[in-house]
Structure formats: structure tokens, C-alpha cells
Amino acid sequence: MNEKTLAYWNQYWKKREAHPPSEVEAFQFGDDANGLAELVVSGKKTATCSAHILYEIENEPLPYVGQYAIVLDEADQPLAIIQTTEVTIQAMNEVSEAFALAEGEGTYKEWWDIHERFFSELLGSYQISFAPNMNIVCERFKVVDRFYAKE
């Protein structure tokens with residue numbers, strides 16, 4: 001985590017006169033970090049998903065309700081802090097239209113096409129084929145703070 005992001009995180013907790021969680025992840029969304037981060041900041045994106053198998057391959061813990069994360073743009077600058085409100089694991093072809101729309105990237109068909117391409121490329125780098133019934137981790141979140149740069 002870069003200095004600016006760490007300072008933003010610490011300031012968020014200082015304003016609340018509370019101790020931060022011991023761990024926080026700072027990350028970029030998908031393959032359009034700026035566009036997706038702006039959807040988060042604007043409130044149009046309140047959900048995200050990831051391939052379940054990658055948590056197993058990379059030996060990473062699954063997200064959990066109450067978890068905080070810092071959303072970064074493509075230059076690794078902080079834009080917002082989010083908190084996970086729901087986590088489910090389901091087959092991609094069973095994801096509801098309401099969840100797909102909460103990802104903020106258009107219609108259900110657009111969501112499907114974007115994610116099929118993204119997961120096909122990502123899984124391909126692990127020599128794994130995309131399957132419509134593959135399990136994905138579906139997260140809903142809320143924005144708890146937006147970063148405002150002081151000029």
C-alpha cells in the first residue's frame with residue numbers, strides 16, 4: 001500500500017476515533033480500474049464478483065461481511081473505502097439479473113459478456129477453461145468514504 005493510501009486509511013479511522021482493522025486490502029477493480037472505480041464512487045456499482053477457484057489456487061481467504069477495502073484507480077491512488085455487506089458463492093449462470101445490474105456495467109447480457117471474456121482470459125493464464133456453471137464469489141458492498149484530494 002502506498003503512502004497516500006495508507007494516510008487516507010489512517011485518517012478515515014482517526015476521524016471516527018476508532019482503531020482500524022488489523023488488515024485491509026487496497027485494490028483495483030477488473031480490467032478497467034478507472035471506469036469501475038468511478039462507478040463505485042458514484043454509487044452505480046455496489047457489487048462485484050470473482051472466480052472462486054482463484055481463491056483456492058492462490059490460497060487466499062474468501063471475502064467476508066464487514067470487511068473493508070480501499071478502491072484504487074489505475075495509478076494506485078485511493079478513491080474510496082468500501083465495506084462488504086454480503087458474500088455468496090454461486091454458479092455464474094445462476095447469478096440474478098439484480099446482482100448483475102448492481103455491478104453497474106449495463107444490462108444482464110452486457111454483464112455476462114464482460115465477465116465471460118474477463119474470466120476466460122484470467123483463467124486461461126492458469127490453463128483453466130471458462131465454464132458457464134463455474135462458481136463465482138459474489139459480493140455486495142457499500143461505500144463508507146470517498147477520497148477527496150486536497151489541492
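Which helix lies across β2 and β5, and at about what angle to β2 does that helix run? Helix α5 (residues 108–124) lies across both strands and runs at about 35° to β2. Here contact means heavy atoms within 4.5 Å, and axes are lines fitted to C-alpha atoms, for helices over the stretch in contact, with angles from 0 to 180 degrees between N-to-C directions. Helices (H or I, at least four residues) and strands (E, at least two) are DSSP runs, numbered from the N terminus.

A word on the model before the details. This is a predicted model, in which local features need pLDDT of at least 70 and side-chain atom pairs count only at pLDDT 80 or more, while totals for chains, interfaces and linings use all residues. Residues are numbered from 1 along each chain as its sequence is written, and side-chain values use heavy atoms, with hydrogens and water left out.

**The sheet**

- Five strands form an open sheet in the order β1-β3-β4-β5-β2, with mixed pairing; two strands pair if DSSP finds at least two bridges between them.
- β1 (25–27) and β2 stand at the edges with a single partner strand each, so one side of each has no neighbour in the sheet.
- From one strand to the next, the twist averages 40°.
- β2 pairs with β5 (residues 135–146) in the antiparallel sense over five bridges, and the partner of S50 in β5 is V137.
- Strands β3 (residues 68–72) and β4 (residues 78–91) also run antiparallel, joined by five bridges, with A69 opposite I82 in β4.

- Five of the five residues of β2 (residues 47–51) are buried, so the strand is largely enclosed by the rest of the structure; buried means under 20% relative accessible area, exposed over 50%, and partly exposed in between (1.4 Å probe, protein chains only).
- In a regular strand the side chains alternate between the two faces of the sheet.
- Both faces of β2 are covered, with A47, C49 and A51 on one side and T48 and S50 on the other.
- T48 belongs to β2 and is buried at a relative accessible area of 13%.
- Beyond its neighbours within four places in sequence, T48 is in contact with several residues, among them F29, F99, E103 and V137.

**Cysteines**

- The structure holds zero disulfides, a disulfide being a pair of cysteine sulfur atoms within 2.5 Å.
- For C49, the closest cysteine sulfur is that of C138 at 5.6 Å, too far for a bond.
- Both cysteines are buried: C49 has a relative accessible area of 10%, and C138 has one of 1%.

**Aromatic rings**

- Rings of Phe, Tyr and Trp (its six-membered ring) pair if their centres lie within 6.5 Å, with planes under 30 degrees apart counted as stacked, over 60 as edge-to-face and the rest as tilted; the count comes to 13 aromatic pairs.
- Y8 and F147 have ring centres 5.0 Å apart and planes at 80°, so they pair edge-to-face.
- Y8 lies in helix α1 (residues 3–15) and F147 in the segment after β5, so this pair ties together parts 139 residues apart in sequence.
- Y8 is buried at 7% relative accessible area, whereas F147 is partly exposed at 22%.
- W13 and Y68 also pair edge-to-face, because their centres are 5.1 Å apart and their planes are at 80°.
- Ring pairs link W9, Y12, W13 and Y68 into a cluster.
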